[in-house]
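Subject: Structure handover

Hello,

Here is the structure you were waiting for. Please look through it first, then read my notes below.

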Amino acid sequence: MEPTPVDALRVSQLDTSELDQELVRLTKSHIAQLFKYHTTAFLTRFDPEIQAGIKLLLWKFALYDSGSTVGQKILGIKYFTKYRDKSWIAITGREKILYGLLVIIFPWLKERLSTLLYYLGLSNVDSTVSWWVQQIETVFKVSAFINLLVFLRQGVYLTLLERLLGIRAKFPQQQGLRQVGFEFMTRELMWHGFSEFLFFLLPLINFQRIKNTLNRWVRGQSSSTKGHLQQRTHTDLTSCAICEDWPVMPREIGCRHVFCYYCIQANFLADPNFTCPLCGHPVVSEDSIQTVKAHINPERNTSS
């Protein structure tokens, strides 16, 4: 006597749905990598066909051959339907084909509806047909949402498609109880508590200020006026003293070095004791951050 199938858990059914959707996305991303250097918009032009082709392959080699989707096969779940004597049997070929039509063909038709009407010479009714399709899609989405609420309450028929076809996700046989050691549970609880503490603590730490303090300590507070006494060169004007890129909205703080507006403002707001990383000149106040007044020494620039 064959074992009686058992209703799948809600979380297991939700996991199978997520696994199936993720598999489609993963396969599509691999296809995109193959055409990464293709100059034409091939993937964009034939996106509905590629999506339908991926779903068709997964449907054929998973649901049609074994009666369960890829996600269900991973978790040991299969689709069942009621027989005449009210007993549960594996879904039939008719239900598999209907499932494929509703999941693969109908979404493809929706995407290519305007193109099909154009080739059939029915462009004049395109707007009317599109309006009806939108109404049907709206009704379907509302019904799917109501079905999801019912599923969360009753635990059967995750999707509206399953309810329409009368198929249910079940474990082929009774599942054994999971034995989880207390040591494992303790480690999980401790790690969860530690991670929550880190998420609370890290935003409170001013890492920029700590970094600047360490830089000052390593460099030392030598000659804070050294940069002010020397003439500014062409290199000073073309390199930010913090990010070393071309200065964007260049600013100065009293020394010969130049900073990006964002670099100096962000560092000063994070650390009021910020000093120039090249010469150690301090930022006295926010008012001391001024627009650069360029005075290039031609002789020094030529000699260099």
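**A buried cysteine, and the rest**

C240 is buried, at 1% relative accessibility. Buried means under 20% relative accessible area, exposed means over 50%, and partly exposed is in between (1.4 Å probe, protein chains only).

Before you go further: this is a predicted model, where local features need pLDDT of at least 70, side-chain atom pairs count only at pLDDT 80 or more, and totals for chains, interfaces and linings use all residues. Residues are numbered from 1 along each chain as its sequence is written, and side-chain values use heavy atoms, with hydrogens and water left out.

**Cysteines**

How many disulfides does a search of the whole structure find? It finds 0. The cut-off is a pair of cysteine sulfur atoms within 2.5 Å. For C240, the closest cysteine sulfur is in C243, at 3.7 Å, which is too far for a bond. C279 has its closest cysteine sulfur in C276, at 3.6 Å, again too far for a bond. C279 also counts as buried, at 8% relative accessibility.

**Overall picture**

The protein chain has 14 helices and 6 strands. These are DSSP runs, numbered from the N terminus: helices are H or I with at least four residues, strands are E with at least two. The chain has 304 residues, and 28% of them count as buried. Its accessible surface is about 21,300 Å², with 62% belonging to carbon and sulfur atoms. Areas come from the Shrake-Rupley method with a 1.4 Å probe; for residues, only the protein chains shown count as cover. Take the contacts between residues at least 6 apart in sequence: 59% join residues at least 24 apart. A contact means heavy atoms within 4.5 Å.

**Helix 7 and what follows**

Helix 7 covers residues 126-154, which is 29 residues. At 1.5 Å a residue it should span 42 Å, and its end C-alpha atoms are 41 Å apart, which agrees. The expected span is 1.5 Å times one less than the number of residues. G155 follows helix 7 and has a positive phi, near 85 degrees.

Y157 is in the loop between helix 7 and helix 8 (160-165). Y157 is not a glycine, yet its phi is positive, about 60 degrees. Y157 is buried, with a relative accessible area of 18%.

M249 is another non-glycine with a positive phi, about 50 degrees. M249 sits in the loop between helix 12 (234-237) and strand 5 (251-252). M249 is partly exposed, at 48% relative accessible area. As background, most residues other than glycine have a negative phi.

**Salt bridges**

The whole structure has 9 salt bridges. Each needs a side-chain nitrogen of Lys or Arg within 4 Å of a carboxyl oxygen of Asp or Glu.

- E22 and R25 pair at 2.8 Å, N to O. They are 3 residues apart in helix 1 (residues 10-34), separated by about one helical turn. E22 is partly exposed at 41%, and R25 is partly exposed at 44%.
- R112 pairs with E49, the closest N and O atoms being 2.9 Å apart. R112 lies in the loop between helix 5 and helix 6 (113-119), and E49 lies in helix 3 (residues 47-66), so the pair ties together parts 63 residues apart in sequence. R112 is buried at 18% relative accessibility, whereas E49 is partly exposed at 29%.
- D65 and K60 pair at 3.2 Å, N to O. D65 is partly exposed at 44%, and K60 is partly exposed at 33%.
- K110, E111, E137 and K141 are linked in a network of salt bridges.

**A nonpolar surface patch**

Which helix gives the largest share of the nonpolar patch? Helix 5 (residues 93-111) does, with 7 residues. The patch members include Y64, I97, L116 and V125, and the whole patch has about 950 Å² of accessible area. Patches take residues with over 30% relative accessible area and no salt bridge; like charges are joined within 9 Å, and nonpolar side chains (Val, Leu, Ile, Met, Phe, Trp, Tyr) within 5 Å. F106 is also in the patch. F106 is found in helix 5 and is partly exposed, at 48% relative accessibility.

Best wishes
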